[in-house]
Amino acid sequence: MQIKAENLNYVYSPKTPFEKTALDNVSFTVNEGDTLGIVGATGSGKSTLTRHLNALIRIQSGKIFLGDVDLSAKRVDLKEVRKKVGMLFQFPEYQLFADTVKKDVEFGPKNFGFGDKEAACAAEDALRSVGLDIKEIGDKSPFELSGGQMRRVAIAGVIASKPEVLVLDEPTAGLDPVGKREILSLVSELKKSFVKTVIIVSHNMDEIAEYCNRVIVLDNGKLIADTTPDELFNRSDVVDNTELDYPHTVKIKRMLSEFGFEIDSPALNVEALVSGILGRLKS
Amino acid sequence: MKDITLGQYYPSDSFTHKMDARVKLVLVVAFIVAVFLAKNFLSYIAVAACVICATLVSRIPISKMLKSIKAIIMILIFTGILNLMFYNGETVYWSWWRFNVSLEGIIFSVKMVLRLVLLVMGTTLLTFTTTPTGITDGMESLMSPLKYIKVPVHDIAVIMSIALRFIPILSEEVDKIMMAQKARGASFDTGGLVSRAKALLPILIPLFVSAFRRADELALALDARCYNATPNRTRYQVMKFGWRDLAGVIGTAVFIVLVVALNNNFWGAYQSVEAAWWLFAV
Ligand SMILES: Nc1ncnc2c1ncn2[C@@H]1O[C@H](COP(=O)(O)OP(=O)(O)OP(=O)(O)O)[C@@H](O)[C@H]1O
Ligand SMILES: [Mg+2]
């Protein structure tokens, strides 16, 4: 399913002293199979943009097409849209509410019309894929789990309804390095099964460089770049002109090149950087 | 503060915005007294003139004012109709069972509605032009004599300002939780009363959990900074009685005197003028 946004504009509290333009004529396309990164300084409109994608925010002007569903139409089947586009918010553990883990994970599937059995199966699968055993914790209260476990349960609650598109708004904020890695490798894992398209909002350029095949850059609500990580970090001056940063691997590559040690690998992850350095040393 | 209009503060730097919060509080109380003092239509007109002048110097858009009146429109209609029906007047126009619509009833209910509208206008003017923090600070300062009879005025003020500070935070939290549950397919505006009430659980439970967590964190943060309500804390913003405040007090005093004078027909000065006499009488 292709996602297409055309000329999106969004203004918070229009016609009041608090008026704030959050999106300014943003257009882009995400193809099926893409992992799209959205980057930009805080307040640049990233969350506002992602919330449009599953109709949590109604479109003020512009158009969004999810496949052939027009989100700007008068009547939109919200359930269908939200089933297709799953969304994981920052600190998702704060959305837990049910008295058992199992019920909480089944909440999404049941809302989307799964039968009892189907929902139970979906919950079990989802918990397994985040590394939890339904037999062990299924009947526990989500509030007696550890923070890390809570977050996994929350993630399971989102992926249990088997979305085709997964949108993650700063999924790794507030996690330790191991936790960050776990979440992202879970996402890559999911991308091999039912999740076809992933959209990640992140302030962490290392993650963007490593996991995304495309990036868009927002600045004050305007889309100022729509490229690949390679293009963005190695071949353009967008990063220098905004408050963005380079991924660590690219920083190392740039430092080396200051000393005359040029590498021709894009150096978007550690392996690429290392093999680039080794290749240069050998030659 | 995002789109929440609690306290409905309307940012601007008008005359009234710059006034001392304590003075504004006192003036609002005086205004309320004036509304209740008003007896005849002419004195109501004086009160209305007072609130209109105040709105003009505060540069609050009329649409904002109308909105705050619209919020109580049901109460206004209800009050109007009840007073109209149950007032025991003499000149009865229409009656059915226990209901009598009389001339006196009409006059009385118009006055009641007018009174409510004026009260709402005056008090919202305060909240439009004063930040919630300003209001609590002002109240604390006004209540400070109570310290001498061992009322913990400062503690009460701190509790109030924390509560006020937390309302927008919690409302933002509600927004976030609602979005997260909607993204999981929850819907809050379909189904009957019971299913709607049940649909609120996925919001209320996380909200309470987070409110308690925040309260804990705040208590820790206050402790960590050795916060305590010692008697001689200084303030970041010192309140001062300035020329604007003096002008406000004089203006309001003039209107109150006018209201009292109109109530008493200027002590008989206008009795000879027929038309004016009628206006004073109703
Ligand atoms: N509910 C709201 N009401 C009013 N203004 C808002 C609201 N939500 C966001 N904004 C404003 O809109 C702009 C864009 O906000 P948004 O949350 O989309 O930014 P963001 O790129 O996600 O930032 P961050 O990286 O901090 O999450 C900001 O200036 C913000 O202050
Ligand atoms: Mg955001």
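**Entry 1: who surrounds the ligand.** I count a residue as near the ligand if one of its heavy atoms lies within 4 Å of it. I also keep in mind that this is a predicted model. With that cut-off, I find 14 residues around ligand 1. The closest are A:G43, A:K46, A:S47, A:T48 and A:H203. I looked up the placement as well, and ligand 1 lies between chains A and B.

**Entry 2: make-up of the shell.** How many nonpolar, polar and charged residues does the shell around ligand 1 have? I get 3 nonpolar, 7 polar and 4 charged. Next I asked which element gives the most to this shell. My answer is α1(A), with 3 residues. In chain A, both β2 (20–30) and α1 (46–53) supply at least two shell residues each.

**Entry 3: polar contacts.** I then went through distances to oxygen atoms of ligand 1. For A:T48, an N or O atom of the side chain is 2.5 Å from a ligand oxygen. For A:K46, I read 2.7 Å between a polar side-chain atom and an oxygen of the ligand. A:S44 takes part through its backbone: a polar atom there is 3.2 Å from an oxygen of ligand 1.

**Entry 4: layout of chain B.** Chain B has 11 helices and 2 strands. Reading from the N terminus, I wrote the order down as α-α-α-α-β-β-α-α-α-α-α-α-α. Why do I call chain B more spread out than a compact globule? Its radius of gyration is 24 Å, well over the 19 Å that the globule rule gives for 282 residues, so the chain is more spread out than such a globule. Along the principal axes, the C-alpha atoms of chain B fill a box of roughly 75 × 55 × 40 Å.

**Entry 5: surface and contacts of chain B.** I checked burial next, and 35% of the 282 residues in chain B count as buried. The chain exposes about 17,200 Å², with carbon and sulfur atoms supplying 69% of that area. Last, I looked at contacts in chain B with a separation of 6 or more: 71% of them come from residues 24 or more positions apart.

Methods:
Residues numbered from 1 in each chain as written. Chains lettered and ligands numbered in written order. Predicted model: local features only at pLDDT ≥ 70, side-chain atom pairs only at ≥ 80, totals over all residues. Heavy atoms only, no water. Polar contact = N/O pair within 3.5 Å; in protein donor to acceptor, adjacent residues only side chain to side chain. Helix = DSSP H or I, 4+ residues; strand = E, 2+ residues; numbered from the N terminus. Nonpolar A, V, L, I, M, F, W, Y, C, P; charged D, E, K, R; others polar. Rg over C-alpha atoms; globule rule 2.2 N^0.38 Å. Buried < 20%, exposed > 50% of the residue type's maximum accessible area, 1.4 Å probe, protein only. Contact = heavy atoms within 4.5 Å. Areas by Shrake-Rupley, 256 points an atom, 1.4 Å probe, with all protein chains shown as cover.
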